[in-house]
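Okay, thanks everyone, let's get going.

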Amino acid sequence: MEDVKEHFNSAVSKTNRFWVQYNMTEKVKLAARLFIAGYFLNVALTGFQIWYYYSQAFPTWQLPLLPASILFVTNRKLALYAGLVLLIYATADSASILWRQLRYYFATGVLYINELMVKKFSVVGATALMMSHHYNPKAEAPPLAGMLVLAAPSMGTKKSIVMLIGRLLLSSLFIFIGYKEVMRQLANTVQHDGHVHHRRPAGDGHDAMWYKLLEFGLSIPFSIGFKTTGVARLLALVLVIEACTAWSWWSSVLGPGYVIHAREHFTVNLAAAGGCLLLSFFGVGKYAVDELLKKKDT
């Protein structure tokens with residue numbers, strides 16, 4: 001147990017030193033905005049692809065996401081309104097998914113939730129974190145805030161509640177993946193003549209278990225707000241690496257349907273990473289173990 005604690009503290013410390021050494025603050029804020037906007041751009045692109053190639057309905061509801069995503073990144077004056085459009089869409093999409101699954105549950109008694117569904121809830125959390133900053137720009141952190149674990153600015157109750165909700169929505173993704181997806185992976189293998197055979201084809205990103213285990217392990221301190229800054233940065237790193245390796249849709253040979261699916265996973269991973277980066281920069285808020293420890297020290 002002591003070895004695990006030592007490795008955990010070492011990883012957090014190295015991440016924070018890297019942050020300070022390369023003055024990552026402004027770069028991270030831009031990357032987070034790009035990551036979150038990229039998810040919504042992909043939603044719009046996917047809607048048009050399905051309409052064009054599969055003769056489905058025209059993506060009327062996805063159409064506003066194109067200008068909103070671009071303005072969210074490029075125009076600070078309109079970023080609040082553009083972000084509001086993105087947040088409304090993400091919330092409506094997640095609510096629609098939840099409603100469909102609840103109807104299915106009441107009809108069949110089976111509650112089906114997969115990784116991608118939960119990832120979409122994490123997008124709501126990431127977008128809400130970005131919006132909470134734009135809603136109160138005067139609360140922007142000083143130049144060194146977010147570089148050190150205890151350097152985040154103080155914030156009021158309302159913004160702390162938004163931070164808590166955003167953190168819990170992001171945590172739901174990692175906790176779900178750590179349990180449900182590992183169980184599904186075990187059920188998705190067949191042992192024969194001493195060999196383990198996978199039912200999914202080679203190259204399917206769902207089989208990348210190491211990332212899910214890492215995300216689950218980091219989600220525990222992340223969800224309670226313990227060493228949140230360093231943990232959030234580590235989670236963001238794992239999510240980006242997973243996106244670029246497990247969900248490399250540009251090199252997949254599993255067909256156009258899987259490419260669209262993998263690209264959605266890729267962009268959702270980046271959006272969740274953006275939320276983690278924002279949380280590490282803006283601070284965790286009042287409702288976290290870190291804040292209780294600071295009060296105890298003082």
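So, what pLDDT does the chain average? It averages 76, and 72% of the residues score at least 70; pLDDT, remember, is the predictor's confidence in each residue, from 0 to 100. This is a predicted model, so local features need pLDDT of at least 70 and side-chain atom pairs count only at pLDDT 80 or more, while totals for chains, interfaces and linings use all residues. Residues are numbered from 1 along each chain as its sequence is written, and side-chain values use heavy atoms, with hydrogens and water left out.

Over residues 137-153, pLDDT stays under 50. The model has 34 contacts beyond four places in sequence for that stretch, a contact being heavy atoms within 4.5 Å. Where pLDDT is low, the predicted coordinates should not be read in detail.

Now the overall layout. The chain has 10 helices and 2 strands; these are DSSP runs numbered from the N terminus, with helices being H or I of at least four residues and strands E of at least two. Reading from the N terminus, the order is α-α-α-α-α-α-β-β-α-α-α-α. Of the 298 residues, 47% are buried. Buried means under 20% relative accessible area, exposed means over 50%, and partly exposed is in between, with a 1.4 Å probe and protein chains only. Take contacts between residues at least 6 apart in sequence: 74% of them join residues at least 24 apart. As for surface, the chain exposes about 15900 Å², and carbon and sulfur atoms supply 67% of that; the areas are Shrake-Rupley with a 1.4 Å probe, and for residues only the protein chains shown count as cover.

On to the core. Which residues touch the most other members of the largest nonpolar core? Phe-40, Phe-222 and Cys-276 do, out of 55 residues. Nonpolar core here means buried Ala, Val, Leu, Ile, Met, Phe, Trp, Tyr and Cys residues joined through side-chain atoms within 4.5 Å. The elements giving two or more residues to this core include H2 (25-54), H4 (79-108), H7 (209-224) and H9 (256-282). H9 brings the largest share, 14 residues. If you click on Cys-276 and skip neighbours within four places in sequence, you'll find contacts with Leu-170, Phe-174, Phe-222, Ala-232, Leu-235, Ala-236 and Leu-239.

Staying with H9: 24 of its 27 residues are buried, so it is largely enclosed by the rest of the structure. From first C-alpha to last, H9 reaches 39 Å, close to the 39 Å expected at 1.5 Å a residue; the expected span is 1.5 Å times one less than the number of residues. After H9 comes Gly-283, with a positive phi near 105°. Then there's Gly-285, in the loop between H9 and H10 (289-297). Gly-285 is buried at 8% relative accessibility, and its C-alpha is 7.2 Å from that of Leu-164, 121 residues away along the chain.

Next, H7 and H8. H8 is mostly covered, with 13 of 18 residues buried. In the loop between H7 and H8 sits Lys-227. Its phi is near 50°, positive in a residue other than glycine, and at 29% relative accessible area Lys-227 is partly exposed.

Lys-212 lies in H7 and Glu-242 in H8, so the pair ties together parts 30 residues apart in sequence. Lys-212 is buried at a relative accessible area of 0%, and Glu-242 counts as buried at 0% too.

Leu-65 lies in H3 and is buried at 1%. Leaving aside neighbours within four places, its contacts are Phe-40, Val-43, Ala-44, Leu-86 and Tyr-89. Those last two, Leu-86 and Tyr-89, are among the buried residues of H4. H4's end C-alpha atoms are 43 Å apart, in agreement with the 44 Å its 30 residues should span at 1.5 Å a residue. Gly-109 follows H4, with a positive phi near 85°.

That's my tour, thanks.
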